[in-house]
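Hello,

Here is the structure I promised to pass on to you. Have a look at it first, and then read my notes on its charged side chains below.

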Amino acid sequence: MAASLRLGHRGILNGIKLIRPCKGIPQNHHGHYRLFFQSQSLFGAAPMKVMMPALSPTMEEGRVLKWLKKEGESVSAGDALCEIETDKAVISMDSNEDGILAKILIEEGSRSVRLGTLIALMVDEGQDWKQVEIPAPESAPAPLLSTPPSSTAPTGAVSHKMEPRLGTGQLRLSPAARHILDTHGLDPGQAKPSGPRGLITKEDALNLLKQTGSRGPAAPKAASVPSAAPQPPQPLQPAHPASTSQAYPRPSIPPISVPGKPAAPGTFTEFPSSNVRRVIAKRLTESKTTIPHSYAAIDCDLGAVQQLRMDLAKDAIKVSVNDFIIKAAAITLKEMPEVNVTWSGEGPQSLGSIHISIAVATEKGLLTPIIRDAATKGVQEIAANARALAQKARDGKLLPEEYQGGSFSISNLGMFGISGFSAVINPPQACILAVGRSRPELSPCLDPDGSPALRQQQLMTVSLSSDGRLIDDQLAAQFLDKFRANLERPQRMALI
């Protein structure tokens, strides 16, 4: 009895396999028995599927960087299974179930894994994870290779066009080479390509024609219905390579350079792009094609800010000019809520919070972590938050809530010596402020006695890119004027 209990349902299952079906049992009854013995109550639950999750609202595909669990290792709910590179950062994917990681289907480094793709299988504790059944991949309909019918082909003619051989990749032919091979009924697979990236050129087709001997154009078979005979093609004569390249220009596709060999003129080298770079390209293209950008610029005097920074440095408080810019932009948005808006699919929406996105350059691209409720924070707190977020962005450890939901963006290239530039709006936001470097300039002024004089100023140019659907030019000009007033009088920002 004890041995029977230890045998369990797997032993019963193995015993069932030894039973041969009796001839006297009808086939339909035998089918019922088979379905009964293969039910989940005896075989155990089906494996748990681990899909590629949506770790951010804008994520469409991900990349599995590293598996943190190995096959056969126990997993508890909340344990990190793997690290996934999203469109903004690297995020750990946690398990929602307890069990054993039975099979890893997507290896480390796999790129462009679409959402909902099966990446791993798990089984319950106590089940044999080595015997997990891998589900068959969903079969997609194979694309049909079709060619448009030729308008010059006679009725009832037999086509001598040879289809590319499967398994070796589709052949690439220039228009002239395709015409020669089709006219003389030659197999394109016998030609030796000499063009860029395996292109079969006209010269290759003529060389194959010389080797096999010209058989002339294929004569059409007699059709049951009389039809007008087409004009016979002109005989093709071998031409000089120089004249051939002029008469039949090759496709303007530069060849790929070969590693270890000197690059030929017109070559290029392909390199893989990260998910972050692809998302940046997509969003910038969306911004410039769907948002009517409007631009305005103004110069700000940084004399008061520089003096306040030196006073704070005496008390070991380190803040940057960019921290004052973030504070001034947040205070200005608080004073002008009509600028703190966004455009949705149904129209403009006013935002109740002021979250400033700051552009941070990383190896993977430009990221925009968010300083939340910047209007209620002091400059020192803003400086601490900005440093922490910038470091997490460079390390690829930003959480989704740390880069989603901004209402206004700031991009500062002053530290790179850029005097001024225009930035691209980060949708669905309505504005982005581009900040240049500070520069000394002399401006005319009056002495206390009223005589004309010159004074030196530290000027900085800021440019506002705004959404013309939400913010007209007059409103943008008022925003910049109030922003300059707040930045040039930093003590005033503490009172608002």
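**Charged side chains**

Asp481 and Arg484 join their side chains in a salt bridge, 3.0 Å from N to O; by salt bridge I mean a side-chain nitrogen of Lys or Arg within 4 Å of a carboxyl oxygen of Asp or Glu. The two residues are separated by about one helical turn, because they sit three residues apart in helix 11 (residues 473-488). Helices (H or I, at least four residues) and strands (E, at least two) are DSSP runs, numbered from the N terminus. Asp481 is partly exposed at 43% relative accessibility, and Arg484 is partly exposed at 27%. For these words, buried means under 20% relative accessible area, exposed over 50%, and partly exposed in between (1.4 Å probe, protein chains only).

Before going on, please note that this is a predicted model, where local features need pLDDT of at least 70 and side-chain atom pairs count only at pLDDT 80 or more, while totals for chains, interfaces and linings use all residues. Residues are numbered from 1 along each chain as its sequence is written, and side-chain values use heavy atoms, with hydrogens and water left out.

How many salt bridges does a search of the whole structure find? The count is 13. One of them pairs Glu60 with Lys282, with the closest N and O atoms 2.5 Å apart. This pair links distant parts of the chain, 222 residues apart: Glu60 is in the loop between strand 1 (48-51) and strand 2 (61-67), and Lys282 is in helix 7 (residues 275-290). Glu60 is partly exposed at 39%, and Lys282 is partly exposed at 46%.

Another salt bridge joins Glu402 to Lys392, with 2.8 Å between the closest N and O atoms. Glu402 lies in the loop between helix 10 (379-395) and strand 18 (408-412) and Lys392 lies in helix 10, so the pair ties together parts that are ten residues apart in sequence. Is Glu402 buried or exposed? With 17% relative accessibility, Glu402 counts as buried, whereas Lys392 is partly exposed at 28%.

There is also a network of salt bridges, which links Glu61, Arg114 and Arg278.

Lastly, Glu97, Asp98, Asp124 and Glu125 form a negative surface patch. Patches are made of residues with over 30% relative accessible area and no salt bridge, with like charges joined within 9 Å and nonpolar side chains (Val, Leu, Ile, Met, Phe, Trp, Tyr) within 5 Å. Asp124 is in the loop between strand 8 (118-123) and strand 9 (172-173), and is partly exposed at 31% relative accessibility.

Best wishes

Key. Accessible areas come from the Shrake-Rupley method with a 1.4 Å probe; for residues, only the protein chains shown count as cover. Lys and Arg count as positive and Asp and Glu as negative; His and the chain ends are not counted. The place of a charge is taken as NZ of Lys, CZ of Arg, CG of Asp or CD of Glu.
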